[in-house]
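I'll jot down what I looked up, in the order I got curious about it.

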Amino acid sequence: MFEATELNFRDNRVEWAVKALFLLMTLLLILPVLLILGVLLYRGGPVLSWEFLFTQPTNGMTAGGVLPALVGTIWLVVVALLASVPIGVAAAIYLSEYAPQNALTRAINLAIINLAGVPSIVHALFGVGAFVYFFRFGTSILAASLTLAIMTLPVVIVSTLESLRAVPHAFREACWNMGATRWQTIWRVVLPNSISGILTGVILEVSRTAGETAPIMFTGAAMFMPLLPRSVFDQTMALSLHLYTISMNVPDVPEALPYGVALVLIGLILSMNAISIGFRTVLRSRRKW
Amino acid sequence: MTAIDTGQHQRSADEGLAGDVKIDVRNLSIGYAGKSALRNVSLEIREHEIFGIIGPANSGKTSFLRALNRMDEFTESMTVDGAIRFNGRDVREWRNAYALRRRIGVVFPLPVGLPMSIYDNVALAPRLSGIRKKQQLDDIVERCLSRAALWDEVRDRLGSLGSLLSGGQQQRLTIARALSQDPELLLLDEFSIAVDPVTTMRIEDVLKELRREITIVLVTNLVQQARRLASRTAFFLMGECVEVNDTEAMFTGTVKDPRTREYVEGRFG
């Protein structure tokens, strides 16, 4: 009674073909990532050791470890986080919870999204002008981190906005109807339910800047600086710039060394991502509607 | 009075209780982005009465409620014209809308269990108004949950998430939360949609009790619910208030407009 028709067979074949096509695209996406990791591990793996991580470069950066660069990158990212999180989250809260939904707000939202597309070298030049010279921070971790922070602010705002908007509007109305002010509502209902998303997004976005080179090379990163930074007003080495330097500017670098540095940089970013995902797991386990 | 609670007694009790004008609405018109939702409604709601509002979907019932406690401010496109006096004072003149809303409890058709513990859901409003003492909060939570006919079901798990209760329980939690504000006025918008019939009856009994203390505006799709509870009822139709009348008159006595009788008898809408 229920025989498969010619049409059913055709539907089936189309279904199969579409699924196969999308699977292929996904594999194509993963392939380069696996290749990069594979090559890095294969060529840079032998260089890795505790000694590599915890000693300074020696012999004009052709030997030794990456400690000052590793520590410097961590400084840069953490200071950038401290600067961009309060500003970005506050701006996002204003835009999502207070700003009237009119043409001006929409224009601001659009501007923020477009800001995210400004090339990092432009941010670098802005950072030189604003932080190094105008605010007289000199070339320092502070100037470099603030440049990174300015650069990531748009994405921080956008990701925070998304987390805030994921909280159902009905929760806010229920709270307002009890006579809660906007801030009481934000503090007691909106933030507790979006904080995990906000933190995850923010840490992901900012840790991405660990790999940026252009914004820091004029504002605070030094090519060679064996001493560890003591305050935000010191210059510092950074993994990304170190990688660039030993690949392009230093003669007679052993072939494996840049791969080792790249591996450390990727490892650092992956561990930051892991921390942020850990954050999310812990915070998510404590709630949900 | 220990007599059986017949309709007759109900109404004589009404006459004893219902008194001053609680809410005075004059020429109220509501629109959304230029599209009219309610036109030129004038009516009075008296203290200690349950005031019913019936009417088919899209007749402006919910918009009317939203205007009462200035909820229109939450919706950019919503415009409200006319005057609404609460305790003799125009609601627009309350400089502090939060103080106004604190006196008005609201319950919507879809339950909203806030994603916090059951206890915190009910303790939220008292905490917002500055009550910190544990004992006092405990008392409020127990009283409000009992009144909303929820206490017995949740008394031993007050710490679990309010948002994980069943739909009907969440709705009773929402009612408990509205009561926890200690409101003078309670706005109920089709509260029984997500609640089973038995619980609905229990809540209705609570509402009858409550009207000794507060004023209740009951928007309902269930004509019979208005008949059971409301002393006076307004019939809204397509953005107009067709008539306001004693509820019993709408069902058995003289109606001012024939459409009202047709609606309550289920011939349209």
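Predicted model: local features only at pLDDT ≥ 70, side-chain atom pairs only at ≥ 80, totals over all residues.

**Entry 1: a pair of residues in chain B.**

Entry 2: I stayed with S4(B) and S5(B), which run antiparallel and are joined by two bridges. They make a hairpin with two residues between the strands.

Entry 3: Next I wanted to know what S4(B) and S5(B) belong to. They are part of an open sheet of four strands in chain B, ordered S2-S1-S4-S5, with antiparallel pairing. Which strands stand at the edges? I found S2 (35-46) and S5 (89-90) of chain B there; each has a single partner strand, so one side of each is left without a neighbour in the sheet.

**Entry 4: strand S1 and its two partners.** I then followed S1(B), which covers residues 21-32. Eight bridges join S1(B) to S2(B), and the two run antiparallel. On to S4(B), residues 78-86: S1(B) is joined to that strand by eight bridges too, again antiparallel. In S2(B), Val25(B) stands opposite Leu43(B). In S4(B), Val25(B) stands opposite Ile84(B).

**Entry 5: chain B as a whole.** I zoomed out and counted eleven helices and ten strands in chain B. How compact is chain B for its 269 residues? Its radius of gyration is 18 Å, close to the 18 Å given by the globule rule, so chain B is as compact as a globular protein of that length. Its C-alpha atoms fill a box of roughly 55 × 45 × 30 Å along the principal axes. Of the 269 residues, 45% are buried. I also looked at contacts with a separation of 6 or more: residues 24 or more positions apart account for 69% of them.

**Entry 6: chain A as a whole.** Then I turned to chain A, where I found eleven helices and two strands. Reading along the sequence, I get α-α-β-β-α-α-α-α-α-α-α-α-α. What radius of gyration does chain A have? The value is 24 Å, while a compact globule of 289 residues would have one near 19 Å. The box for the C-alpha atoms of chain A is roughly 80 × 60 × 35 Å, along the principal axes. Buried residues make up 40% of chain A. Among its contacts between residues at least 6 apart in sequence, 76% join residues at least 24 apart.

**Entry 7: where the chains touch.** Last, I checked how A and B meet. I found 19 residues of chain A in contact with 18 residues of chain B. On the chain A side, the elements that give two or more residues are helix H7 (169-177) and helix H8 (182-208). Which one gives the most? H7(A) does, with six residues. Sorted by type, the chain A side divides into nine nonpolar, six polar and four charged residues.

Key. Residues numbered from 1 in each chain as written. Chains lettered and ligands numbered in written order. Contact = placed C-beta atoms within 7 Å. Nonpolar A, V, L, I, M, F, W, Y, C, P; charged D, E, K, R; others polar. Pairing = 2+ DSSP bridges. Rg over C-alpha atoms; globule rule 2.2 N^0.38 Å. Buried ≥ 20, exposed ≤ 12 C-beta atoms within 10 Å, placed from the backbone.
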